[in-house]
Each structure stands twice: as C-alpha cells, then as structure tokens.
Amino acid sequence: MSNLLNLEGVSKSYGVRPLLTEVSLGIGAGDRIGIVGRNGDGKTTLLEVMTGLEEADTGRVSRSRGLLVGYLHQGDELDDTHSVREAVLGGLQDHEWAADATLRGIVTELLAGVELDRSVHGLSGGERRRCALAALLLGDHELIVLDEPTNHLDVEAVAWLADHLKRRTSALVVVTHDRWFLDEVCQFTWEVHDGQVDVYEGGYAAFVLAKAERSRQADATETRRQNLARKELAWLRRGAPARTAKPKFRIDAANRLIEDVPAPRDRLELQRFATQRLGKDVIDMEHADLQRGERRLLTDATWRLGPGDRVGIVGVNGAGKTSVLSLLSGALQPNAGRVKLGKTVALQHLTQALDDVDPTGRVLPTVEAIRRVTVTKDGEITATSMLERFGFTGDKLTARLGDLSGGERRRFQLLKLLLTEPNVLLLDEPTNDLDIETLTVLEDFLDGWPGTLVVVSHDRYFLERVTDSVWALLGDGTLSMLPRGVDEYLERRAAQPAAVTPTATTAPTSSKAKAGSAEERAARKAVARLDKQLQRLMAREEELNAAVLAAGTDYERIATISAELQTVLAEKDAVELEWLEVAEVLE
C-alpha cells in the first residue's frame, strides 16, 4: 500500500541555518508518529513542509490524491467574529453531536465550561486552544497533524485525548514534549536534529533505548550525554516501559548499559542531606482555610512537609494548585489557620510568569553575578557548566537577555533560581516551554539536589520522575494523598458525582452551563480590573524609580521614596498573584 505522504530529499533553510537537509520520510495509513527534538531544531518547520504551508527549498513532497489533512497549529485560525458554536461545530446541531458518542465526547471533554453561544473574541488562550483542537477532531481527516496539542490541557484532558487518538483510524503526526503522551499514543518516534530526522520504532521509552543502542554502536564519546542517557534508561527500565508494548528491535545491548546503574535517586541519602540543611521543620500548614473570590479552595486543611519530601500536586484548572504554592511560599495568607516555615528554610518559587529581565544584560555575566559555583550532593558545579547543561553554549553565553526566545527565557529563569541554592523548591508548571532534552537535564539536576520539592504539573512523566508522592485537590477543600499517583487521581475524578465535576457543555441553556458562565464572567471582570490596577502600579513604580534618580544625594528624600516604592512593589506582587489565580479559572 502506498504512503499517504512522502518527503523525498527535502531541504529547508532559514537564512544561513539549515533546518532540514536531504530528508526522506513516509507516512502510511494509520501510522501514529511522535516528533521530538530541541526547541528551534525544525520540528514545526517539518510539519509545515509536510502540510504544504511552507515550500521545500529542494526535494519533493507528494501526497495521495484528495488527502484530507487536519492541522493544529501552535496558534489558531478561529474567526473572532464567530461564536464558539459557529467556530467549533459549524452547522452541526446540538441533537446531532449529542447523539453521537464520539462527537459528544469531544465537545464535553474539550469545551467543558465554555458556553457555546459565547463569542470567540474574549476567550482565554487556553479556551481558544481547546476550541481549535475540538474543531479539528470533529472533522473527518485521513491525516491529523498536531503541534503541541497538550498545551493548556489538564491531566484528565491529556488522558482523554490519548485514548481518543488511539481509537481513531486516522494517521497521526504529533509534536509534543509530553513523554507520557508519546509513550501512550505513538508507534514511531522521529527525532529532528542537525538538519536530519532519525526514525525509531516505538514511543518515548523505546526511542531512548534505541538511541542508546545506536550511540553504543557508534562509540559515542560525549560523556555527559551518555551519563544522562544511562540515568534515563535506568528510570525507564524501572517504570515507564511497564505500560508500553515491547519494541520489536533488539534491546539487549541497551539493557547492558544500565544493568549496574542504581535508581536515579538515592532517597535515603538525599533525605539525610536535606535534614542536615533543613532540620526537622520545613513547612507546616495548620487548619488553613483559603478562599479566592466565591471559591473555597481549602477548608481546615492541615499538611506538613518534611526535609527531603518530594511532592506533586494535581487538580483540574481552577482547583487552586497555584494558590496552594503561593500559600506555602508566604505570598498568600490563609483566610484562617496558619502556614509556618522552619527557621532554616531558604525557599524559591518558580511561578508560571516569566521574570522581568534587563534586556541589555548578557547571559553569563548575569548568572555569575548570582553565583559562580553551586553545590549539589555530587559536588560543585560552575555557572558556565550549569549554563551549558541548560543549553546555553557558544554564542548563547554572551547573548543579550532581550534576544532570548520564550523557551530560553524560561530555562534562564529556572537556572537563576537553582543557582541561589534553595533548600525548598516550589515549581509551578516547570515543564512549560522546555524541550525534552532540557527536561532530562532538570531531572538529572534534581536527582542530586537535597531539599524539599513541591511540583504542580500536568506532565505525568515529569511528576512520576521527580516526586515520591502525589496529592490532589479534588474540590472538597482538602489535599488528598494518592498512593497510586495520577492513575488513582483519574479514577477518583471519574467516580466523583456530576456536581463536583467541571461543567460539561451539553447545551447553552443548561443550569450548569449558566453557572459556569457566571463564574467566567466574574473572572473576566476581575481580570479587567486587575489589569487596570497593574497598569497604575507599574506607572507609579516608574515614577518612583525616576524620583530616586532625581533625588541625587538627598538621602532623606531617597529613604521616603524607597519606602513608598517597597509598598508599591508589594501591592504589585499581590495583584499579579490574584491575576494568575483568576486567569487559571479562564484556562
């Protein structure tokens, strides 16, 4: 049987940089292919050349006659003048999609809480993304091409999407950094690097094993990369492959690479180091109530974090995960009860917002100004070495901070935080904008980091890899421990009564949809109000900074202005935190 799509000797460059060089590939009917590679190495370019959005510089792209292709871009093509109903359902009537189990599943899962008669204009970024994905999946395509489809999806929605795609007969090509999703869905993995595309059979676990075998056969000499691969293989051998089909290729040699490799983390050793650094008391939440607007997130909640604890927190969007991290960090105070930090706690909190940086600053000098050497259980690491680990090599070491991409800014933000040598880390969606190679570097660093870790993430693989226990916000005002992790969370969510489950969009006139709509309208008003407050505070901050410069050597005047500036900055932090919480509802 001929392929649906073929690339023959395809090359594509941007400026002087070749992204694809003499690439030849084929996609057969029913193939499910995952594409991985570092940010900027050409994954999206490959999709655009395949689908005809970009022309190849040389080579040939052929598609079977009349091939129906559905393509989810990283942006979207929704018409802002349409309602959600028009943009997603087209001419499909409610009784038509509701009567079909597959169509009903797409609408209720991806458009939960989104009123169908709302305008596309004004939807949050997450809502637009889910609408675009729903519109594509409602279509009848022979080939589905998805660029980062799990962005803005919570753990439940990612699990639903994986199951849905496995049941479809369409061929699938997906670019994603979600390694659990790759393992769950894909039969083949394509790695884009250095202008080439290497093809591996199987999902992510099989890809890592096969890549290690190829490296062994090629006598790879990159010691750091081999060490990372060994740790990743050891992790996969003990965990993730158990739920995947065995690859057809021979993996004996790859297994020999890891037969003497211990578990990725020595939990007892790390806990001993953490206790030395932290003592017995880390963070105690006692009888805490937390309310944001009309939502009660915690009720009389007691939770204790000890030295060396590694905890993941899961919950639907809007459940209060970001609020809990802010409560632990002290950025947010409980409505009742208290949160007490140990005397030796040195805490760092990675939020979802990107830090403001001096755009004229340079990468290496900025990092060296924080710390030239950082210490882990395994010894000292220089700032330059840490930068190289996180992908800042060559010209990137002297790049202006203002010229960094969003993904590079996120890596730089995380690196700065780690260099301060915290003993308590709070990470809010740390995998956002990070490619798989950077994720494995972060995981490797955390393997030797002796401290208390709390992670909020929708990335199941990352949670399982770096944490030892998973807790959930299930909408009942408590934090519940889940001995079996994310799988237990999904089971408990599925078993919850409809009243606790987020609103499913069955019809615009349903009482549940109205309730959800009322909450969203209130959230949108709050966002508009908070935006105005932020603009006012930022303008005042600029005025005060200018006033400090104008005061010259009038130190009394400078002290007065500085006191007001600190008040403005504290108020700005509080408003930004509230904005993030309200935005989480809209996501």
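Biologist: Which residues form one aromatic cluster?
Modeller: Tyr200, Tyr204, Phe207 and Tyr461 do. Keep in mind that this is a predicted model.

Biologist: How many aromatic pairs does the count come to?
Modeller: The count is 5 aromatic pairs. One of them joins Tyr204 and Tyr461.

Biologist: Is that pair of Tyr204 and Tyr461 stacked or edge-to-face?
Modeller: Edge-to-face. The ring centres of Tyr204 and Tyr461 are 5.6 Å apart, and the planes stand at 85°.

Biologist: Which parts does the pair tie together?
Modeller: Tyr204 belongs to helix H8, residues 204–217. Tyr461 belongs to helix H17, residues 460–466. The pair therefore ties together parts that are 257 residues apart in sequence.

Biologist: Tyr204 and Tyr461, buried or exposed?
Modeller: Tyr204 is buried, and Tyr461 is buried too.

Biologist: New topic, charges over rings. What sits over the ring of Tyr14?
Modeller: The charged end of Lys12, 5.4 Å from the ring centre. Elsewhere, Arg411 lies over the face of Phe392, at 5.2 Å from the centre of that ring.

Biologist: Back to Lys12. Which residue does Lys12 meet in a salt bridge?
Modeller: Glu54, with N to O at 3.4 Å. Lys12 is in strand E1, residues 5–14. Glu54 is in the loop between H1 and strand E4 (58–63), so the bridge ties together parts that are 42 residues apart in sequence.

Biologist: Why does Lys12 count as buried?
Modeller: Because its relative accessible area is 8%, and buried means under 20%. Glu54 has 26% relative accessibility, so Glu54 counts as partly exposed.

Biologist: You mentioned H1. Which residues of H1 are buried?
Modeller: Lys43, Thr45, Leu46, Leu47, Val49 and Met50 are buried in helix H1, which covers residues 43–51. Gly52 follows H1, and its phi is positive, near 90°.

Biologist: How many salt bridges does the structure hold?
Modeller: It holds 31 salt bridges. Among them is one between Asp163 and Arg167, where the closest N and O atoms are 3.0 Å apart.

Biologist: Where do Asp163 and Arg167 lie?
Modeller: Both lie in helix H6, residues 155–167. They are 4 residues apart, about one turn of the helix. An α-helix has 3.6 residues a turn, so residues three or four places apart point the same way. Asp163 is partly exposed, at 35% relative accessible area.

Biologist: What about Arg484, which residue does its side chain meet?
Modeller: Glu491, in a salt bridge of 2.6 Å, N to O. Arg484 is partly exposed at 48% relative accessibility. Glu491 is partly exposed as well, at 43%.

Biologist: Which residues are linked in a network of salt bridges?
Modeller: Arg179, Glu443, Asp447 and Arg465.

Biologist: On to strands. In what order do E10, E11 and E13 form their open sheet?
Modeller: E11-E10-E13, with antiparallel pairing. Strand E11 (295–305) and strand E13 (336–341) are the edge strands, and each pairs on one side only. On average, neighbouring strands of this sheet are turned by 25° against each other, direction ignored.

Biologist: How many bridges pair E10 and E11?
Modeller: Strand E10, residues 283–292, pairs with E11 over 7 bridges. Ala288 has Ala301 in E11 as its bridge partner.

Biologist: And E3 with E8, parallel or antiparallel?
Modeller: Parallel. Strand E3 (residues 32–36) is joined to strand E8 (residues 188–193) by 4 bridges. Ile33 stands opposite Phe188 in E8.

Biologist: What does E8 form with E9?
Modeller: A hairpin, with 2 residues between the strands. Asp194 in the turn has a positive phi of about 50°. E8 and strand E9 (residues 196–201) pair in the antiparallel sense over 6 bridges. Trp190 has Val199 in E9 as its bridge partner.

Biologist: Last one. Where does Glu421 lie?
Modeller: In the loop between helix H15 (406–419) and strand E17 (424–428). Glu421 is not a glycine, yet its phi is positive, about 55°. Glu421 is partly exposed at 23% relative accessibility.

Biologist: And Glu429, where does that one lie?
Modeller: In the loop between E17 and helix H16 (436–447). Glu429 has a positive phi of about 50°, although it is not a glycine. At 7% relative accessibility, Glu429 counts as buried.

Technical notes:
Residues are numbered from 1 along each chain as its sequence is written. This is a predicted model: local features need pLDDT of at least 70, side-chain atom pairs count only at pLDDT 80 or more; totals for chains, interfaces and linings use all residues. Side-chain values use heavy atoms; hydrogens and water are left out. Rings of Phe, Tyr and Trp (its six-membered ring) pair if their centres lie within 6.5 Å; planes under 30 degrees apart count as stacked, over 60 as edge-to-face and the rest as tilted. Buried means under 20% relative accessible area, exposed over 50%, partly exposed in between (1.4 Å probe, protein chains only). A charge sits over a ring if NZ of Lys or CZ of Arg is within 6 Å of the ring centre and within 35 degrees of the ring normal. Two strands pair if DSSP finds at least two bridges between them. Axes are lines fitted to C-alpha atoms, for helices over the stretch in contact, and angles run from 0 to 180 degrees between N-to-C directions. A salt bridge is a side-chain nitrogen of Lys or Arg within 4 Å of a carboxyl oxygen of Asp or Glu.
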